There are 2 protein chains.
Amino acid sequence: MDSASQLKAFLIGIDTHQEPIIYMRDDCDVCRSEGFSARSRVRVTANRQSVIATLNVVHGDTVPEGYAGLSNIAMKRLGVSSGDPVSVHHAPVTESLSLVRRKVFGHELSQDELTKIVSDISEHKYSDLEIACFLSVCAGGRLTLNEITGLTRAMVASGERLHWEGAARVFDKHCVGGLPGNRTTPLVVAIVSAAGLVMPKTSSRAITSPAGTADTMEALTTVNLSLADLQRVVRKTGACLAWGGAINLSPADDLLIRIERALDLDGEGQLVASVLSKKLAAGSTHVVIDIPVGITAKVRSHEEADRLSFLFSEVGAACGLVVRCVLTDGSHPIGSGIGPVEEARDVIAVLQGRQEAPDDLKERALLLAAHVFDMADGCGIEEGQQKARDILESGRAWEQFRRITEEQGGLKQLGSARFRYRQLATDPGTILSVDNRRLARLAKLAGAPESPAAGLRLFANVGDTVAVGDSLYELLSDSTGERDYALAYIAGEAPIFTLQTES
Amino acid sequence: MDSASQLKAFLIGIDTHQEPIIYMRDDCDVCRSEGFSARSRVRVTANRQSVIATLNVVHGDTVPEGYAGLSNIAMKRLGVSSGDPVSVHHAPVTESLSLVRRKVFGHELSQDELTKIVSDISEHKYSDLEIACFLSVCAGGRLTLNEITGLTRAMVASGERLHWEGAARVFDKHCVGGLPGNRTTPLVVAIVSAAGLVMPKTSSRAITSPAGTADTMEALTTVNLSLADLQRVVRKTGACLAWGGAINLSPADDLLIRIERALDLDGEGQLVASVLSKKLAAGSTHVVIDIPVGITAKVRSHEEADRLSFLFSEVGAACGLVVRCVLTDGSHPIGSGIGPVEEARDVIAVLQGRQEAPDDLKERALLLAAHVFDMADGCGIEEGQQKARDILESGRAWEQFRRITEEQGGLKQLGSARFRYRQLATDPGTILSVDNRRLARLAKLAGAPESPAAGLRLFANVGDTVAVGDSLYELLSDSTGERDYALAYIAGEAPIFTLQTES
């Protein structure tokens, strides 16, 4: 039976992200004898490794006779090269899919059931469509508090968990996002670790925004650290600013985020579980969470922010994590740069105390650092802010930031985008509001974060008065296609800045 | 700008079902200048046609330089051949996706919003992941009565709508499924059209079952009729037994069903909208719906059946359709054959009045035909049953069935499966129950409906007394892989038949 289902692997070279695809000829004996049809879920085995793959049927000679084409991720997970023998059979039934169907029908899932689902997802037993189904029925407030706690624990259990010997308390900081710019994390890490607190920061890349902290830090240094390197950096400096995805913290979350991104879906329960599972896996004990609130931010109302704070605190407590949520003003972008390189530029300017440093970014970072200090020693927010300000303005935060980036592989020079387009004010007046969502979308259309230098640089923000011909922002892109696409978006839509014109 | 994004089409030969995929080289200028990345949604244009496709990035020489590989459906929809020029740009934003996100967050969708979503789906603007998201949040009882009505109307509006001139009333019949065998439709159509009622039956293929009526009828005649042929057959015989998918009735539904199948998801609201939209599009005015109720049928309880009857009747009435639901015994399979060819065998046996004809199938068909007669002239169920029995037992139904199939292209000979395995009783006793779901799954594992001759033939059913060595059923398959997989399923699970053994 096995010899009959034997084929040779063929490197077809197609990148299908995390979902393995197998390309089999329509006239292939194995297809016929196993009774496969397009989109069959099959088990491909080689070297005692196996992966579950989705079948695409191929007509013609793209795949040679006697071979099965494998997408890059399938080749990689099986550890095979072209010509190596592989066998292909029907995939076994993924039992936990019946639990997903229970959730579709509104049943609450138990810890045990969520663990089974997350474990099967992290073992790559779900197709992308099946992950999309699971995420969709968990989004929109459909997870109970118990389910979010269960999902958090299940995601922690699916990956590595860091331990920081000698550190009784390990601090962390996170922003739920939705505000373009707002790159406070590198500043907070530098300030609080300069004061001696331990803050091994692992960040994610952008899900639906123009940049995540890992994208921004990658413009400045190496973020793709091995576990050993990360531990060395933290041992030496008390902190790090690394990409969490490189060290297999909560791998199920990475698989889920990929599909959330494709669906532009970022559900509340999923968000809480994703954030807290990463913090728990990173070995944190105390976390400050920044929740910007504004009608065009991710969190639109104080009611929504309170709900999210409640979930973060309760789920955190259930998992042994002290969580403090800080509601901040999300009515306008923070900082002047949007996109990895431009945000990095702002971070450096604030650390170096340069004149062009955006004041709102600096003050937001000082506030969040103050909350970390208050969590640590109960000093109160005002005293915490003063302490943070002293560290930043004395240059100690910049010095600490340089030590961290030095340990991570050195500070990089920032690049520049190839194409620039400056948007000017066509009327005089005072800026009443800025649409954060559309600003973020514009930066993404311009190419951020895939093109690190792409994005926006703002020259005006809410409350500023502008004259005709004053610069509002500069659009930065690295390809003509993206530039043109972003320009078409500007031309076709209502203005991103709303002005009160002088009467 | 356009010349820069110009490539030549390359027939890569990959069958990606309904979702167009474009395979572009990682070193392709267009990829770079447009800023595409893996899984980007792009618009491919040629001959003034364009399709939205999902990008797969290709490394190496599977796609030659200067070319873009297109999956079969992309080539077909664009009407291009290898070497024809195509241009590739970012896909425009699909506005109705924001409405899907509203549904994710629990908002009720209006008629107008559902029409936009369904229209975009039928114009192939949704990726498979996006369709999966929409279906998942509509499943599990999450559609209100108004939404189901809105979805039904939107699906009718997305495709062709038939009109039957001269026929004031047009009858139809549907079974919600879940019961293996139970192929009453060809019998009901033959009986009621022999009595002079108009019944232009368009059926679907299997979604999650071992056969749909269209699959079974395809074993007997041509079901892939053009609209003109279908109208001719109905004009001559008052009826037809065709595949609905061939004539673009409710094309959105076909796209949705494909993803429902991959997710093994068959939501209540989706079911009602799918069934009624097909009936409305087929020009029906009166529909009898068979709802088998049983703990291992699709509808498990009378409560659930009542809910479904309510939805069918209300949505039907809102759309101008008279619907009667008939709740039937769904505790055991109906008929002896499961799978296209074996079910066709039973249908012919009943029509010809052969000794081996399954009595339960015959009686179920007579009951449903009686309900159609009662809807037509208020004769009452008993008189309707007698009328149906007379037509069947006199041979007029068989004569009418032959006329219909003759007009559709002639009656085919039934084939036979290559591999047979007979399951014998290992204990004596009376059969207490049969698990319909596991029986259906077994028939599917054996290869039904993709292999028409695959499936099962039952030799015993609930209530029968068997001795050791009596045949319970025969497993039929056309490939060794499917046979072995089905046998492994039988070996590994609890028995499908539950016996009360003699004490």
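In chain A of this predicted model, A:Lys8 has A:Pro85 as its bridge partner in strand β7(A). The two strands concerned, β1 (residues 6-11) of chain A and β7(A), run antiparallel and are joined by 3 bridges. A:Lys8 also stands opposite A:Tyr67 in β6(A), and here the strands run parallel, with 4 bridges joining β1(A) to β6 (residues 67-70) of chain A.

Strand β7 (residues 85-90) of chain A is in turn joined to β4(A) by 4 bridges, the two running antiparallel, and within this pairing A:Val44 has A:Val88 of β7(A) as its bridge partner.

| Strand pair | Direction | Bridges |
|---|---|---|
| β1(A) and β7(A) | antiparallel | 3 bridges |
| β1(A) and β6(A) | parallel | 4 bridges |
| β4(A) and β7(A) | antiparallel | 4 bridges |

Turning to the helices, two packed helices are described by the angle between their axes and the distance between the axes. For helix α11 (residues 268-281) and helix α12 (residues 302-318) of chain A, that angle is about 45° and the axes lie 10 Å apart; α11(A) and α12(A) are therefore oblique to each other. The crossing in which α11(A) passes α12(A) is right-handed. On the α11(A) side the meeting residues are A:Glu268, A:Leu271, A:Val272, A:Val275 and A:Leu276, while α12(A) contributes A:Arg307, A:Leu308, A:Leu311, A:Phe312, A:Val315 and A:Gly316. An α-helix has 3.6 residues a turn, so residues three or four places apart point the same way.

In chain B, helix α6 (residues 145-157) has 13 residues and reaches 18 Å from its first C-alpha to its last, which is close to the 18 Å expected at 1.5 Å a residue. The buried residues of α6(B) are B:Glu147, B:Ile148, B:Thr149, B:Gly150, B:Leu151, B:Thr152, B:Ala154, B:Met155 and B:Val156. These buried residues of α6(B) pack against several helices of chain B, namely α3 (97-104), α4 (111-122), α5 (128-138), α10 (251-263), α11 (268-281) and α12 (302-318).

Notes: Residues are numbered from 1 along each chain as its sequence is written. Chains are lettered from A and ligands numbered from 1 in the order in which they are written. This is a predicted model: local features need pLDDT of at least 70, side-chain atom pairs count only at pLDDT 80 or more; totals for chains, interfaces and linings use all residues. Side-chain values use heavy atoms; hydrogens and water are left out. The expected span of a helix is 1.5 Å times one less than its number of residues. Buried means under 20% relative accessible area, exposed over 50%, partly exposed in between (1.4 Å probe, protein chains only). Contact means heavy atoms within 4.5 Å. Two strands pair if DSSP finds at least two bridges between them. Axes are lines fitted to C-alpha atoms, for helices over the stretch in contact, and angles run from 0 to 180 degrees between N-to-C directions. Angles under 35 degrees count as roughly parallel, over 145 as roughly antiparallel, 65 to 115 as roughly perpendicular and the rest as oblique. A crossing is left-handed if the near helix is turned anticlockwise from the far one by less than a right angle, and right-handed if clockwise.
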